[in-house]
Amino acid sequence: MTDLVFIDPAGTGFSRLVGDVKPEDVHGLREDARSIAQLIREWLRQNRRWTSPVFIAGESFGTTRAAALLPQLMGGSEPLAV
């Protein structure tokens, strides 16, 4: 079984900011990577897929975002093997 999860970072595609999130919290390469890493961790947790292999891909500017995302996912208190 494979899960393919496509993410539009905040403010791109069909995504919108909701709640108390301010644009400066997510707009910018580092901020974007931090928010997407948080989203991925939460998705893995809620769907009980924490031990599943994780692959990251991006196209166009998404490639730069994917590269910035790796240290966010692989480090911190909940590191993922990507």
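A salt bridge here is a side-chain nitrogen of Lys or Arg within 4 Å of a carboxyl oxygen of Asp or Glu. With that rule, a search of the whole structure turns up four salt bridges. You're looking at a predicted model, where local features need pLDDT of at least 70, side-chain atom pairs count only at pLDDT 80 or more, and totals for chains, interfaces and linings use all residues. Residues are numbered from 1 along each chain as its sequence is written, and side-chain values use heavy atoms, leaving out hydrogens and water.

First stop: select Asp3 and Arg49, whose side chains meet in a salt bridge (2.7 Å, N to O). The pair links distant parts of the chain, 46 residues apart: Asp3 sits in the segment before helix H1 (23-26), Arg49 in the loop between helix H2 (29-46) and helix H3 (61-74). Helices (H or I, at least four residues) are DSSP runs, numbered from the N terminus.

Next, pick Asp32 and Arg65, another salt bridge at 2.9 Å, N to O. Asp32 belongs to helix H2 and Arg65 to helix H3, so this contact ties together parts 33 residues apart in sequence. Buried or exposed, what is Asp32? Buried, at 5% relative accessible area, while Arg65 is partly exposed at 22%. (Buried means under 20% relative accessible area, exposed over 50%, partly exposed in between, with a 1.4 Å probe and protein chains only.)

Last, select Glu78 and Arg45: their closest N and O atoms are 2.6 Å apart in a salt bridge. Glu78 lies in the segment after H3 and Arg45 in helix H2, 33 residues apart.

Technical notes
Helices (H or I, at least four residues) and strands (E, at least two) are DSSP runs, numbered from the N terminus.
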